[in-house]
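Q: Can you walk me through the side-chain contacts here? I'm new to this one.

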Amino acid sequence: MKRFATWGVLFALLTPFMIVAAPALSGAVEQQSMNMTAIYMFIAFVAGTLGITYWAAKRTRSASDFYTAGGGITGFQNGLAIAGDYMSAASFLGISGLVFASGYDGLIYSIGFLVGWPIIMFLIAEQIRNLGKFTFADVSSYRFGQTQVRTMAAVSSLVVVAFYLIAQMVGAGKLIQLLFGLDYWIAVVIVGVLMMVYVIFGGMTATTWVQIIKAVLLLCGATFMAVAALNHFNFSPEEMFRQAVEISPKGDAIMAPGSLVTDPINAISLGLALMFGTAGLPHILMRFFTVPDAKEARKSVFYATGFIGYFYILTFIIGFAAIVLLAQHPEFFKPEALAADGTVIKAQLVSGINGGTNMVAIHLAEAVGGNLFLGFISAVAFATILAVVSGLTLAGASAISHDLYASVIARGRSNETTEIRVSKFATFGLGLVAIGLGIAFESQNVAFMVGLAFAIAASANFPVLVASIFWSKMTTRGALIGGFAGLISAVVLTIMSKAVWGDVLGNVGADGKPVGLIFLNNPAIISIPISFVCIWLFSILDSSDRAKIDRAAFDAQRIRCETGIGAEGASGH
Amino acid sequence: MKQTTVDAIKDHPRYQELVCSRKCFAWNLTVIMLAIYYGFILVIAFAPKLLGTPISPGAVTTVGIPVGIIIILSAFILTGIYVSKANGKFDELTKAIREDLQA
């Protein structure tokens, strides 16, 4: 049972964009006193981004402006924005916290998050740019029956976005409560309202620039922290590791793989979900339509991979340095973690830290840069959440307006003005839903939700996308059944896992600890193959008239996909 | 796209060269990346002590640290290799196909 518990905690801590890790969720968050420096810096960020939104609003007229910033973002800018989508408050706080607690295991997770990017580059980035217009459903439904395949893609997009958004909103509320001393519901409303303003008025242009600014701030902040921390060790990693091993309660175990060792199946399943889930996230895929052509799409993945990899190396340094540097600052620990002489008790180093291990990077910011830098990093963490929820909401709104409304309900007979209006209403609606659910789920365990979002993206979106691009014999029926099979199996297997069956639904085993019906924590190792097998089986068995149309259209699709011929007008500019 | 255009491009030798070389190249790189990552996961699963060996006698730094950094770098380098070839050779082939179509 112990290994399941360890896994649950690890998973909760590490799922990207998760600030809602177990420690923060299980107990009441202690509200901090108002941090005025942080609040001023955050107000400066909001004022700046609202200025950008005003500028973007004047340029946003057509549907293409709204969904894709008119396709006028360069590869470098888009690379930064993609990196911004990925470097969430949680990968920053969660991974540095995990390195602090478990050392090397943190690096293993970082690597899992990163290696999806080369796969996106080799298999789907430029293909998506050449085939699609506004949403990834444009690509997965390119040669298929529009009503069915688009409905399926839009439904799975919305499910992914919904789980992600709830987890983000709850995490945002908790983090802001902790950092700024605001009430939970006020924090959720601020995030929800600002996100609606960015998306409704500024569309993709504003969302992209908010993401770029935040990515630059976060990279600069993390670089400063890592350099300032390494300075304490005369820039010798060996010296840093040596002192960390002396101080950490786990000793030299932090220099080698730890709790992942016992369970290869779960390790591989999580690896699959991370790697292929990244390639199926609607808000990430949508980014490829903001660049003018395939060449810039490729460049953007290259830059994004570089920035993300660099960022993970920084979080690794930050986590290790924090072991040594935070131990010298008893003020960051709970009173019960301190010995009579006021020093930190070795065994309490991880469990005794104020606010849990998610706060490690924040405490280190104060330790190396004082109150001003603490304010800066807190403001960046807030900005990060805002930027990520804006991207998610825009992706959800376009699934509603572009896929469900324009293609399915209006069957292609709507005009651009109506479509934009629908997407703005959809944004407003999604914003209200996100605020409502964010408040409703305050004291719920939402740790499983991001894992589920990744699993659905990997099991429903990714297989249909890849098969539709590469497999000529695929048909509408195969896409439809394969996509829904992946979606349903990912959801059902997640419900049966310990994180939901035990932790959320309260089923306990003989020893009184939460249990799951299956031992898998992430369904990807089963649900991805289910989806691919259904696509294959129901496509080859399909002898309908529609199937003939689907297969006949492959050559034209392939040519456009490979050469970009016919794709020039895709951006509308 | 008209069927005649489709057939014209499909039979174009440059197009066949483009499709074939890109396919091989992209899948080879994919296999390399998957092999590196899942090789790493399998070592973690079955021989974790390997990664916990010190890089030199008496050192605290273990083999796992440079291995991890190298995997991160390899992801970046592999995407770089793809971009340089795609933005060079593949784009030239595409351009040649377009020019032939217009001629």
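**Side-chain contacts**

A: Start with Glu239(A): its relative accessible area is 25%, so Glu239(A) is partly exposed. Buried means under 20% relative accessible area, exposed over 50%, and partly exposed in between, with a 1.4 Å probe and protein chains only. This is a predicted model: local features need pLDDT of at least 70, side-chain atom pairs count only at pLDDT 80 or more, and totals for chains, interfaces and linings use all residues. Residues are numbered from 1 along each chain as its sequence is written, chains are lettered from A and ligands numbered from 1 in the order in which they are written, and side-chain values use heavy atoms, with hydrogens and water left out.

Q: What do the side chains of Glu239(A) and Arg242(A) meet in?
A: A salt bridge, at 2.7 Å from N to O. The term means a side-chain nitrogen of Lys or Arg within 4 Å of a carboxyl oxygen of Asp or Glu. Both residues lie in helix 12 (residues 237–247) of chain A, three residues apart, about one turn of the helix. Helices are DSSP runs (H or I, at least four residues), numbered from the N terminus.

Q: How many salt bridges over all chains?
A: A search of the whole structure finds 17. One of them pairs Glu562(A) with Arg22(B), at 2.7 Å from N to O. Glu562(A) is in helix 23 (residues 554–563) of chain A and Arg22(B) in helix 2 (residues 13–46) of chain B, so this pair joins two chains.

Q: Are Glu562(A) and Arg22(B) buried or exposed?
A: Both are buried. Salt bridges with shared partners put them in one network, whose members include Lys295(A) and Asp91(B).

Q: Which kind of pair do Tyr86(A) and Trp117(A) make?
A: Their centres are 5.4 Å apart and their planes at 85°, so the pair is edge-to-face. Tyr86(A) sits in helix 5 (residues 75–86) of chain A and Trp117(A) in helix 8 (residues 116–131) of chain A, so the pair ties together parts 31 residues apart in sequence. Both residues are buried.

Q: Which residues do ring pairs link into a cluster?
A: Phe76(A), Phe302(A), Tyr303(A), Phe307(A) and Phe76(B).

Terms used. Rings of Phe, Tyr and Trp (its six-membered ring) pair if their centres lie within 6.5 Å; planes under 30 degrees apart count as stacked, over 60 as edge-to-face and the rest as tilted.
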